[in-house]
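Welcome to a short tour of a protein model. Take a look at the structure below, and then we can walk through it piece by piece.

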Amino acid sequence: DRARPDLSQVELDAKLFKAEVRLSDEVLEDSIERGELRQTIMEMMAEAISRDMEEVLINGDTLSADPFLAVMDGALKQATSNVVDAGGAAISKNLLRDMLKTIPSEHLRDKKAMRFMTSVDADLDYRNTLAERATAVGDRLLEGDTPVLYSGVPLQPIPLFPENLGAGSDQTVILLCNPKNIHVGIWRNIRVESARDISEGTLKIVATLRFDVKFAEEPGVAKAINVQL
């Protein structure tokens, strides 16, 4: 028998993002770094771009009141097929179990490659719960920073995961998937250009980039909402 594969494509629609820094002549002249300040600022811009890019990839929402986050939908917004409502309960082994059971079985063939991704506080809450057990495992979780596992799947804290959701601004979400399922495409190299405005007496540094994020297999993703911190 012959089988014909069903070939499909993941379409990435790159959105434009722009960052601009203006430095006056006085700032450059009075800085202790003097001529080196420009290079320092550009290095700091690179770090800020990396952080902001990660934020919109995670928390992007075209319905957001924040113009920056409203440019495109991020990974959390795009995960819609397998949603588990924690109902205001804290992270627990039962919640993680329900997330695994929600994903279709064909996506669980390699569970060790998957990750529970959540906020830093949620990871601390779950780690503290397990550490309360008077066992060697409990002591290790309390003293060390080794990843917490559930059914062989590590729990990975992500610093930019939201922790201000819900009516009380004290809830978060959990995302379960293989990290390789999240496809990030950068259309071109990040462009950083600078020019001096003589009349204003300022140095302008502008960085532009275009990128997008999509799931390769969205049905292989589970999301827990209304997780109390």
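This is a predicted model: local features need pLDDT of at least 70, side-chain atom pairs count only at pLDDT 80 or more; totals for chains, interfaces and linings use all residues.

Two strands count as paired if DSSP finds at least two bridges between them.

**A hairpin to begin with**

Strand 8 (residues 191-197) and strand 9 (residues 202-215) run antiparallel and are joined by seven bridges.

In what order do the six strands of the open sheet stand? The order is 2-10-6-3-5-4, and the pairing is mixed. Strand 2 (82-85) and strand 4 (148-150) stand at the edges; each has a single partner strand, so one side of each is left without a neighbour in the sheet. On average, neighbouring strands of this sheet are turned by 25 degrees against each other, with direction ignored.

In general, strands of a sheet pair through backbone hydrogen bonds, either parallel or antiparallel.

| Strands | Sense | Bridges |
|---|---|---|
| Strand 2 and strand 10 (residues 222-228) | parallel | four bridges |
| Strand 3 (residues 115-118) and strand 5 (residues 153-157) | parallel | three bridges |
| Strand 4 and strand 5 | antiparallel | three bridges |

Val84 has Ala224 of strand 10 as its bridge partner. Phe116 is partnered by Leu155 in strand 5, and Tyr150 has its bridge partner in strand 5 too, namely Val153.

Strand 10 also holds Asn226. The phi of Asn226 is near 55 degrees, a positive value in a residue other than glycine. With a relative accessible area of 29%, Asn226 is partly exposed.

**The turn between strands 4 and 5**

Strand 4 and strand 5 form a hairpin with two residues between them. Which residue in this turn has a positive phi? That residue is Ser151, with a phi of about 55 degrees. Ser151 is a residue other than glycine, and its place is the loop between strand 4 and strand 5. Its relative accessibility is 39%, so Ser151 counts as partly exposed.

In sequence, Thr146 and Arg127 are 19 residues apart, while their C-alpha atoms are 10.0 Å apart in space.

**Helix 4 and its two sides**

Now turn to helix 4 (residues 93-102). Which of its residues are buried? They are Leu95, Leu96, Met99 and Leu100. Seen down the axis of helix 4, these buried residues fall within an arc of 140 degrees, so they line one face of the helix.

**The largest pocket**

How much space lies in the largest pocket? About 320 Å³ lies in it. The pocket is lined by 14 residues, and the closest to its centre are Asn59, Asp61, Leu76, Pro162 and Leu165. Helix 2 (37-59) and helix 3 (75-78) each supply at least two residues of this lining. By kind, the lining residues divide into seven nonpolar, four polar and three charged.

**A residue in helix 2**

Helix 2 is also the place of Ala48. Is Ala48 buried, partly exposed or exposed? At 23% relative accessibility, Ala48 counts as partly exposed, because the buried class ends under 20%. Ala48 and Ala19 are 29 residues apart along the chain, and their C-alpha atoms are separated by 9.5 Å.

Technical notes:
Residues are numbered from 1 along each chain as its sequence is written. Side-chain values use heavy atoms; hydrogens and water are left out. On a 1 Å grid over the protein atoms alone, a cavity is a set of points where a 1.4 Å probe fits but cannot get out, and a pocket is an open set with protein on both sides within 12 Å along at least five of seven lines; lining residues have an atom within 4 Å of a point. Grid points are joined across faces, edges and corners, and a volume is the space filled by probe spheres set on the points. Ala, Val, Leu, Ile, Met, Phe, Trp, Tyr, Cys and Pro count as nonpolar, Asp, Glu, Lys and Arg as charged, and the others, Gly among them, as polar. Buried means under 20% relative accessible area, exposed over 50%, partly exposed in between (1.4 Å probe, protein chains only). The arc is that of the directions from the helix axis to the C-beta atoms. Axes are lines fitted to C-alpha atoms, for helices over the stretch in contact, and angles run from 0 to 180 degrees between N-to-C directions.
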